[in-house]
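Please look at the structure below before reading on.

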Amino acid sequence: MDETTRAVIQQTMAAPDAGVPYQVHPPEQVLDADLHRTMATLILDGRDRLTPEQAGGPEGIDLELVFLVGCYYAARMQLLPEEEARWASYAFEFLLAVVRELRPEALPTHWRQVFEEQPPQLVPAYEVLHVVGTALFLPSEATGDVDGVLCATALLSTAWQWSRGTESEPVLSFKAGTFLAAAADLDEDPESARRTRRTALHLMRGGLGAIPLDQAPERDSMMAEIIRVQSKVPAAAAPDDGLHAELDRYHRDGDPTELDRIIDRLRDVIATAAEPDRSHRCLELGQILRMRFEVKGDLDDLNESIDRLGAALAGPVDQEIRAGVRSFLALSHLDRYGTEQDRADLDEATVLARLACTAATAASPAHGQRLTNLAAVLTARAAADDDPAALDEAVEHLRQALAVTPSSQLDRPVILIKLAVALRERAGRPGREPDLATAEAILRQVAGPAADPGSKPHALVARVELGVLLAERGLRLRAATDLAEAVSYCRALAVARTEDARSRLYGAVRWAMMAAHLGDLDQSRTAFGVALDDLLPKLTTRALGRDSQEARLRLTYTLANTAAAVEIEAGHPRQGLVRLEQGRGVLLAQALQLRGRQDALRAASAPLADRYEELCRELVAPRLDPERRRAAAGAFDDLVDEIRRLPDLTGFHRPPNWKRLSKAAEAGPVAVINVSALRCDVLLLRSRRGRTVIEVLPLRDVTAEEVNRRTDEFRAAVAGLTARGAGIADRLRWDGDLKETLHWLGASVVGPVLAKLGIDRPAGRGPLPRLWWCPTGALALLPLHAAVLPRTGDGPPSPPVYAHDLVVSSYVPTLGSLLHARERPAPAAGRGSLAAVAVDAGSHARPLVGLGDELAATRQLPGPHRELRDAAATPGNVLAALRTHTHVHLACHGAWDGTDPSNSRLLLHGGSLALRQLAAERLADAEFAYLSACHSAAPGAELVNEALSVASAFQLCGYRQVIGGLWTVDDEVAPLLAREVYRLLAEPGAPDPATVLHRAVDALRAHPDFDEPLYWASMIHSGP
């Protein structure tokens, strides 16, 4: 401002009532664009002298400038439409508030009176720049005034920079970006416009990222504006070398060995790299390891991913890289939570994902991806905690991620799918029903036309999620067309060779279930065949560690049962039995293959038999490192293929068939009890006229839900009754629950089986018949032999008749395990030896007072005898004894882990012997194991169909005959039972161990203190 103009303004300020600038100017002059731009430029040039706070005091203020521009906007605001007038009035108010604060007498009387009634607010200088810039921008953009837009952009950019750290920063950042985008629209240089738009989007993303989620209308308009600007930005060219090129090749070809090569290369680089390159490569390796885990399911990869990303986070990386590391580390923890269900992983994922999405890095082009990852974590939390707010937040983050992600970006379809899934989940809440239609529309958009074979990236995933939506809606509304369309989508995923086994299995099971609901049993059978014949073996390959296999098997909890139920419903009980063998005891079957005799192979080719034996030893070795395990598994599969090319060995290690399974009934009937949500049945195998027949015994009054409920009640009752300190009222209630369950078992499950066999009534003298039970699902946790049979007739009350009174019961996890035990030869006469272990190592458990008596009981058995007592009973010593003795008696505490059954263990001196350790043994001469430890025969509730128990681990080691407990055995009972068992085993011509246990239980029941099932029904026999 020149001195002449300044002098005129000073005179006006001395006598303001005589007239102020622009009040009498004609409207066209006040509205002139050049004048407006001049006024705004004066503010821009004098931006350091606008407010006392900013200028360091009143003396630093250019009051004449402030007064002049304020008067201009006072005149201008009277002539504008509403929106422009609003911003002009803000400029008038904010500027003249400074004059009123420093020289109120410089204002005309009528303005002073207005300000007295409504005092204007003194605002920071950045707000002055904000309102003046906006007041200029609106008419300039509308008329295409390039200079006006550029001046407004300069004002807003300065306002944003000065607002850092204040509540106004997000809005000003976004607005500065909006103004820059408008400037780009007016730029005739394409390259310059492209650069400007990228800067604009950077500012807009940063602003939107800092706006609270509850400011929905404001956020909605921001996202719409970002989408508009983003549509004008050409896709960035992907790097054509390095990691990006390798990943492009992997996504194009779908070859998982490409991931192996990338991982090997990055490990080599990291071994010699210096910081910060080492941390950057750790970030890349952590990402790729997680990708390989999602394809192959190896927990070793996922755990290493977490370790590598943790190392990157601890390294010298900048704020942007750190945000990326946190986001990817959150996904790895989320994957581990999904696999192992450890809540600590979900909590850690939440913390990391939120730290990755702070306002400090919201302007990053990667922010949309990080928001998507945060939404994935929140969706998992919503499911875990039944938390609607978490799901709402996830939806908002996904909407924002969608807005800030260019339409050309490869992962944009992923965001759309995740948004649709979140909306689908939210649609189940009252008032959210319209979300379902939105989700369907999004999924159909990504899926493309139904006739399209699905080559478009992510189309197959979208179709599967659409299939889930349609299936849920079809079942709810009984809409056959929805179910039929769902079937087609799930079938396409199941047979897609390019997809990983886990995804394909998910599709196959959905396909099978929907087909069954439609009544198309043939198609359902086909789908279950794909799942069990093709996909389950791939899902649980030997290349995976045991933890990884167990984690993947949790995905198939009821697969075999449901497949068997469909086969039975379709009139194919033999195939139903095959399905149960295929899908239950998967790890047991794999392990038994590595331990069986291979006489036919050795006769056909001794070199192949030697190679086979060598690989078996390597695969069962404990603590085999992941790379060696994968190599050995690959070599094993190749060797099996080679063996199958030999004459007469084409069926080597093929899945079980009816011809083989039918042999299970050669020594007596076998009752396989299938528990499924579709139907419950007994598949009864027995020999008739020299051939095995299978009979279906429908359990029409039994449901899977009831089995689960009664099992939970029974286990709670037993836990209460075997604990100390409970009151009489509780004990009576638990005793009632226990007996009610046993009566239900007798009436609904066991009684019908015995009636079918014609042995449901007490017989005369003579040996009782044998019966092998093979229960599935939660039924495997109940003592079927203690079922109370229904009374007949109306006579006087009589003592209960238990299944134990009518039949000698044995339990088998699978028919394959029974056949394996029968085919394994018993030790030659005179070669038996016993290792007896007795130790009270449960520091938090009640003392074992009968250990000495149990050891004394074992001494009745003739032959070599070794005792390990107390301090001598270390894990190492016990394992060494197992390797050198045919018989073992273990009297100790057991720790049962229902959620992680492989962690169930025997508590010894100085440590424990876990199921995982036992499963790694191959004991060639093992014969008989007596496990006098609580829960030693109880399978884990989490993987009950895998029959993972300490007892099954002993069978896996090689023990043909195993006695173990379903629950805690009373301290007084254990020695009494052991004494009778070993007395009977020591007799010349001793019967089989199942009959020995049965007679020992009879003797125990004759004791007046121990005639209740709580005391005698815990110990069961497993074996031939």
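## Helix α37

In helix α37 (residues 815-823), the buried residues are L815, S817, L818, L819, H820 and A821; buried means under 20% relative accessible area, exposed over 50%, and partly exposed in between (1.4 Å probe, protein chains only). Their cover includes α29 (573-583), α30 (586-593), α34 (658-661), β1 (670-675), β2 (680-688) and β4 (770-775). Helices (H or I, at least four residues) and strands (E, at least two) are DSSP runs, numbered from the N terminus.

This is a predicted model, in which local features need pLDDT of at least 70 and side-chain atom pairs count only at pLDDT 80 or more, while totals for chains, interfaces and linings use all residues. Residues are numbered from 1 along each chain as its sequence is written, and side-chain values use heavy atoms, with hydrogens and water left out.

## Helix α38

Helix α38 (residues 851-858) has L851, E854, L855, A857 and T858 as its buried residues. Viewed down the axis of α38, these fall within an arc of 155°, so they line one face of the helix; the arc is that of the directions from the helix axis to the C-beta atoms. Among the elements covering them are β6 (834-838), β7 (865-869), β8 (887-891), β12 (928-932) and α42 (973-986).

## Packing of α32 on α33

Helix α32 (residues 606-620) packs against helix α33 (residues 626-644) at an angle of about 150°, with the axes 10 Å apart. Axes are lines fitted to C-alpha atoms, for helices over the stretch in contact, and angles run from 0 to 180 degrees between N-to-C directions. The two helices are therefore roughly antiparallel (over 145 degrees; under 35 is roughly parallel, 65 to 115 roughly perpendicular, the rest oblique).

From α32, L608, R611, Y612, L615, C616, E618 and L619 meet R628, R629, A632, A633, A635, F636, L639, E642 and I643 of α33; contact means heavy atoms within 4.5 Å. The contact residues comprise eleven nonpolar, no polar and five charged. Here Ala, Val, Leu, Ile, Met, Phe, Trp, Tyr, Cys and Pro count as nonpolar, Asp, Glu, Lys and Arg as charged, and the others, Gly among them, as polar.

## Packing of α15 on α17

Helix α15 (residues 277-296) and helix α17 (residues 319-340) pack at about 25°, with axes 10 Å apart. That makes α15 roughly parallel to α17.

## A363

A363 lies in the loop between α18 (343-355) and α19 (367-385). A363 is buried, with a relative accessible area of 13%. Setting aside neighbours within four places in sequence, A363 is in contact with H202, R205 and G206.
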